[in-house]
Amino acid sequence: IPTIGVGGASSAHDVLKFLAAGADAVQLGTVLFADPGAPKRILAELNEYLDAHDLADLKALRESWKERP
């Protein structure tokens, strides 16, 4: 069953925590009131994270987590 992380995501760091906990997707809610540009900003932050860790995409990120002991 796919799961969606909900509640308090306002940065790539928050999104990564939801994904690490097993979420398949992350909902952005309240952050959109304070920062309507949050989706673009968070996506840019996620891409920076992936680039910094030499990962092609979120699938590669999830695979890298599975490889950890």
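Angles between axes under 35 degrees count as roughly parallel, over 145 as roughly antiparallel, 65 to 115 as roughly perpendicular and the rest as oblique. I needed this for helix α1.

**Entry: the model.** I noted that this is a predicted model, where local features need pLDDT of at least 70, side-chain atom pairs count only at pLDDT 80 or more, and totals for chains, interfaces and linings use all residues. Residues are numbered from 1 along each chain as its sequence is written, and side-chain values use heavy atoms, with hydrogens and water left out. I looked up pLDDT, the predictor's confidence in each residue, from 0 to 100. The chain averages 94, and 97% of the residues score at least 70. Among the elements of the chain, α3 has the highest mean pLDDT (97) and α4 the lowest (89).

**Entry: helix α1.** I took helices (H or I, at least four residues) and strands (E, at least two) as DSSP runs, numbered from the N terminus. Helix α1 covers residues 12–20. Which of its residues are buried? I found Ala12, Asp14, Val15, Leu16 and Leu19. Buried means under 20% relative accessible area, exposed over 50%, and partly exposed in between (1.4 Å probe, protein chains only). The buried residues of α1 pack against β2 (25–26), α3 (38–52) and α4 (58–66). Just after α1, Gly22 takes a positive phi of about 110°.

**Entry: Asp14.** I checked this residue of α1 separately. Asp14 has a relative accessible area of 15%, so it is buried. Leaving out residues up to four places away in sequence, Asp14 touches Gly8 and Ala9; contact means heavy atoms within 4.5 Å.

**Entry: α1 and α3.** I used axes that are lines fitted to C-alpha atoms, for helices over the stretch in contact, with angles running from 0 to 180 degrees between N-to-C directions. The axes of α1 and α3 cross at roughly 70° and come within 8 Å. α1 is therefore roughly perpendicular to α3. On the α1 side I listed Ala12, Val15 and Leu16, which meet Ile42, Glu45, Leu46 and Tyr49 in α3. The residues of this contact divide into six nonpolar, no polar and one charged. Here Ala, Val, Leu, Ile, Met, Phe, Trp, Tyr, Cys and Pro count as nonpolar, Asp, Glu, Lys and Arg as charged, and the others, Gly among them, as polar.

**Entry: α1 and α4.** How are α1 and α4 oriented to each other? Their axes are 11 Å apart, and the helices pack at an angle of about 55°. α1 and α4 are therefore oblique to each other. I found Leu16, Leu19 and Ala20 in α1 meeting Leu58, Leu61, Arg62 and Trp65 in α4.
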